[in-house]
Amino acid sequence: MKTLVDLINDIRHKSEGVKKLTEMTPRIMGEACIKVIKSNFKAQGYEGGQWDTRKAVTDKSYTYGRKKKGKSQYKGSVFSPTRPILVQTGNLRDSITFEVSGKNVQIGVLANSPQKNGEDSHTYAKHLNEGGAGKWGKNTTHTVARQFMPKPGEPPTAKMLTAINKKLDYETKQIMAGWEK
């Protein structure tokens, strides 16, 4: 049986742990959501649905001039029809991050690093996530939506909420370890 002093110290220690967890919660939420979003790139889909495949013309343009007389003619392009959709270089996937402001968490492509076609990375990610008309270099295109993260104003997905709850449960159990019932 614990003494009263030990019990008070335990309560203080657990209380400090809960306070730290409360402060860390927005960061935990951001990290969990980023993991889920990045897993969407690996799964080639969003919330159980699969992305539309590339058009044959896109795959053809990726391989144009690569084989001559049975030999590979690598022209320095990173694009390949064998790479997963939206993961030609990994830059888009890797640019997704989160920002904590007080108790709020903003998730998405937040940095304005320019893409090759002059769009900032936020605009580029929005265009691919939501689809629609746009420009790619000098060409006007229509991009098929291949959603990989919630659209602005949408709540977190079920997978995100599950990942957040799992991490918070783990952290809570760590704090409460050794606490007698």
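This is a predicted model: local features need pLDDT of at least 70, side-chain atom pairs count only at pLDDT 80 or more; totals for chains, interfaces and linings use all residues.

**Exercise 1.** Determine how the rings of Phe41 and Trp51 are arranged, and where the two residues lie.

Solution. A search of the whole structure finds two aromatic pairs. In the pair of Phe41 and Trp51, the ring centres are 5.9 Å apart and the planes stand at 80 degrees. Planes over 60 degrees apart count as edge-to-face, so this pair is edge-to-face. Phe41 belongs to helix α1 (residues 4-43), whereas Trp51 is in the loop between β2 (49-50) and α2 (56-63). The two residues are 10 residues apart.

**Exercise 2.** Classify the pair formed by Phe41 and Phe148, and state which parts of the chain it ties together.

Solution. The distance is 4.9 Å centre to centre, with 40 degrees between the planes. Phe41 lies in helix α1, and Phe148 lies in the loop between β8 (139-143) and α5 (158-176), so the pair ties together parts 107 residues apart in sequence.

**Exercise 3.** Are Phe41, Trp51 and Phe148 buried or exposed?

Solution. Buried means under 20% relative accessible area. The value is 2% for Phe41, so Phe41 is buried. Trp51, at 10%, is buried. Phe148, at 0%, is buried. Finally, Phe41, Trp51 and Phe148 form one aromatic cluster.

Key
Residues are numbered from 1 along each chain as its sequence is written. Side-chain values use heavy atoms; hydrogens and water are left out. Rings of Phe, Tyr and Trp (its six-membered ring) pair if their centres lie within 6.5 Å; planes under 30 degrees apart count as stacked, over 60 as edge-to-face and the rest as tilted. Helices (H or I, at least four residues) and strands (E, at least two) are DSSP runs, numbered from the N terminus. Buried means under 20% relative accessible area, exposed over 50%, partly exposed in between (1.4 Å probe, protein chains only).
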